[in-house]
Amino acid sequence: MADVASRPSDHSLGRPGGPASRYSRALSFSLIGPLLLLLLVGFLYPIAALIKLSLFTPALDFTAYRKIIEQPIYLSVMARTFRIALSVTIASFVLGYPVALAMASLKRRLAAVATAAVFIALWSPVLVRSYAWIVLLQRNGVVNNVLQQLGLIEAPLKLIYNEGAVILAMTHVLLPFMILPIFAALRSIPQEYVCAARSLGAGATMAFLRITLPLSLPGIFAGCVMCFILALGFYITPALVGGPGTLIVATLIGQQATVLLDWPFAAALSTILVIATLTMVLVFRKAFSMSKGFASVD
Amino acid sequence: MIGKTLSLQSLSKRFERTVAVEGVSFDIAAGEFVSVLGPSGSGKTTLLTMIAGFEAPSSGRISIGGQDITGAAPNRRNIGMVFQKYALFPHMTVHQNVAFPLRMRRVDRLAIRDRVRMILELVQLVGFDHRYPNQLSGGQQQRVAVARALVCEPPVLLMDEPLGALDKNLREAMQLEIKRIQSKLGATVIYVTHDQDEAMTLSDRVAIMSGGTLVQLGAPADIYQRPCSPFVAQFVGKMNFINGECQRDEAGTCHIRISDRITIPAPSPSLSGAGHLQRGRAVKLAVRPESLSFAPPDSATAIPGHIDAEIFVGAFRVYLVRLATIGQPIVQVQLPASTSAGPFRRGERVDLFAFKEAFHVFAAPEA
């Protein structure tokens, strides 16, 4: 995650003689020291303990991992988790990019209003937003009532406790994590680039496709990675609006750890999730790898 | 020659509360190099953005080669533009940057290669094709920007303070470079700058803007020798102002009284603007530092004063002299460093002289 967060600001870090070079090495270390310590104690150690727990019970033993591979139910839970995370990421991008673009091109006051709207969505608790979807989508919920009163449907539709509802609610929760990095990337593109492209013969669409879109790739990368990774480990929303057919890894881990008390198995699932997450970051990074010149947006 | 004529007809741009450009009209011949010179906030950049099509004018018309383009989208104008900070696309190589306008016009691959090579030869950047903008020096980036703006042979090239980001030596080298490329291609250029030396060096004509209006348009020498207002006079080169009052003799000829005892015959009215000044009108007498001297030419009136300071500036010396005239203004006298005059003591009394043709007369603003 630290890697992801540093990506969009690459261009300012890459410049030699930037502000950072004024600090001595000792001072730099003491500045990042506390965070480093926290990560070491609160993040790396637990992960190491987790991996150990999944492999040694107490002697080296792959039972937990064999269980995941051999029982198709667990593989299908894995597959569903990735499918939902991918769908949520794509939906967030499709819905979020236009919003970020509008925010970046609006006049100052309107942009502030739009940004506030996105932030308010971000600040309201996940639990509240998930329950709101239940109120909307349930059998006697707002949507079904309206549709019935309009005479569009005879009987209430089954809108909730399925994969669609999970994707919808998770997209809603994760949308700000897509919008904000893309907005930041778009905001940092000088207006002159688009003007230059227009004067050089590019229509509005061409200027967007050739200039704005490629220059916002770091923001898209950051947004997609954040959405995807958060979606992989999402717990509350799928647990509330999902049904028995939408069991995903996070929920499964929770069950194994707290209900069935099979800690080695929960640890094995977690380890696989962590590895999958890291792999996805690298894959995304490769897929979005940009030309060298990119580090120099000025 | 790739350049065409550009004609602006009473072009105005008003924003909600402010007027950025007001009633600017001028015609530029094909292949002409015109600088737009003015202090910041004079509307020169707004003028440029209207010609480029990024801002729609509130009123007025713009035409290129006789064709009205006032309402055309920026990408349909075929105008080349060099931006202040070059605006090179950071994610594209030099080649891709220069090829961009050609690709937008769907020129075929082979032709693109040839034309990019030709234009890079012209700006002397052969072999830099695959570098990214951040791997180039400021001067090289500037050349790429010029190449990119010119590769489609635009009828008009706009340049918005293109040398502003370069240091002094490089600026001067690039000025010559721009002039060389422009005359080789016969490009029509509008060059916005706030640097008067740059405008003087490069231009066939200079347009002076102030407060959104076009104040004077003319050849550099013309503007220097015959400024039409005190603003232009002091904006282009250095200018001394001496307060005075218009007096007319029996024949109606204007004389300028600058102290109780001293009157200076006004230079020919058509040149100096003294034509329709009324008797008793307060005026400003303007004279360039290099037109003043301590040695009397024939039939010139002496203006008394005291030496205030002497400054050595390499090729010449500047003397600050406090005149014994109305308001006791301090004027600058600029003489070649090899002059025999001086050295003077501070406070020493001196007489200043100038040919009467060197004076300009402007009506002082009414109190």
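**Entry 1: chain A**

I started by counting elements in chain A and got 15 helices and 0 strands. A reminder to myself before going on: this is a predicted model. I then looked at contacts in chain A with a separation of 6 or more, and 76% of them are between residues 24 or more positions apart.

**Entry 2: chain B**

Next I turned to chain B, where I count 9 helices and 19 strands. Its C-alpha trace spans about 80 × 45 × 35 Å along the principal axes. Of its 367 residues, 41% count as buried. For contacts in chain B between residues at least 6 apart in sequence, I get 66% joining residues at least 24 apart.

I also checked how chain B is divided, and noted domain 1 (6-228) and domain 2 (238-363). The centres of domain 1 and domain 2 of chain B, taken over C-alpha atoms, are 40 Å from each other.

**Entry 3: a sheet in chain B**

I went through one sheet strand by strand. In what order do the strands of this open sheet in chain B stand? I read the order as 17-16-15-18, which makes 4 strands with antiparallel pairing. Strand 17 (330-336) and strand 18 (349-352) of chain B are at the edges with a single partner strand each, so one side of each has no neighbour in the sheet. From one strand to the next, the twist averages 50°.

A note to keep beside this: strands of a sheet pair through backbone hydrogen bonds, in either a parallel or an antiparallel way.

Then I took the pairs in turn:

- Strand 16 and strand 17 of chain B pair in the antiparallel sense over 7 bridges. Here Leu320(B) stands opposite Gln332(B) of strand 17. The two strands form a hairpin with 6 residues between them, and in the turn I found Gly327(B) with a positive phi of about 80°.
- Strand 15 and strand 16 (residues 316-323) of chain B run antiparallel and are joined by 7 bridges. This pair is also a hairpin, with 3 residues between the strands, and Gly314(B) in the turn has a positive phi of about 80°.
- Strand 15 (residues 303-312) and strand 18 of chain B pair in the antiparallel sense over 4 bridges.

I followed His306(B) across to its neighbours. Which residue is the bridge partner of His306(B) in strand 16 of chain B? I found Arg322(B) there. In strand 18 of chain B, the bridge partner of His306(B) is Arg349(B).

**Entry 4: nonpolar cores**

I looked for the largest nonpolar core and found one of 105 residues, in which Leu158(B), Ile190(B) and Leu285(B) have the most contacts. Helix 4 (residues 138-150) of chain B gives the most to this core, with 6 residues. I checked the core against the domains, too: at least three residues come from each of domain 1 and domain 2 of chain B.

I then listed what Leu158(B) touches, not counting residues up to four places away in sequence: Leu48(B), Ile51(B), Ala52(B), Ile79(B), Gly80(B), Met81(B) and Ile190(B). There is a second, separate core of 54 residues, and it includes Ala64(A), Leu175(A), Met226(A) and Ala267(A).

**Entry 5: Leu88(B)**

Leu88(B) sits in the loop between strand 6 (79-82) and helix 2 (94-104) of chain B. Is Leu88(B) buried or exposed? I counted 26 C-beta neighbours inside 10 Å, so Leu88(B) counts as buried. Leaving out residues up to four places away in sequence, Leu88(B) touches Asn97(B), Pro133(B), Gln141(B), Val144(B) and Ala145(B). I also took the separation of the C-alpha atoms of Leu88(B) and Val98(B), which are 10 residues apart along the chain, and got 9.2 Å.

**Entry 6: where the chains touch**

Last, I looked at chain A against chain B. How many residues of chain A are in contact with chain B? I get 22 of them, in contact with 23 residues of chain B. On the chain A side, helix 10 (191-199) and helix 11 (204-215) are the elements giving two or more residues. Helix 10 of chain A gives the most to that side, with 6 residues. I sorted the residues on the chain A side by kind and got 12 nonpolar, 6 polar and 4 charged.

Terms used. Residues numbered from 1 in each chain as written. Chains lettered and ligands numbered in written order. Predicted model: local features only at pLDDT ≥ 70, side-chain atom pairs only at ≥ 80, totals over all residues. Pairing = 2+ DSSP bridges. Axes fitted to C-alpha atoms, helices over the stretch in contact; angles between N-to-C directions. Core = buried A, V, L, I, M, F, W, Y, C linked by C-beta atoms within 7 Å. Buried ≥ 20, exposed ≤ 12 C-beta atoms within 10 Å, placed from the backbone. Domains from an automatic or database assignment. Contact = placed C-beta atoms within 7 Å. Nonpolar A, V, L, I, M, F, W, Y, C, P; charged D, E, K, R; others polar.
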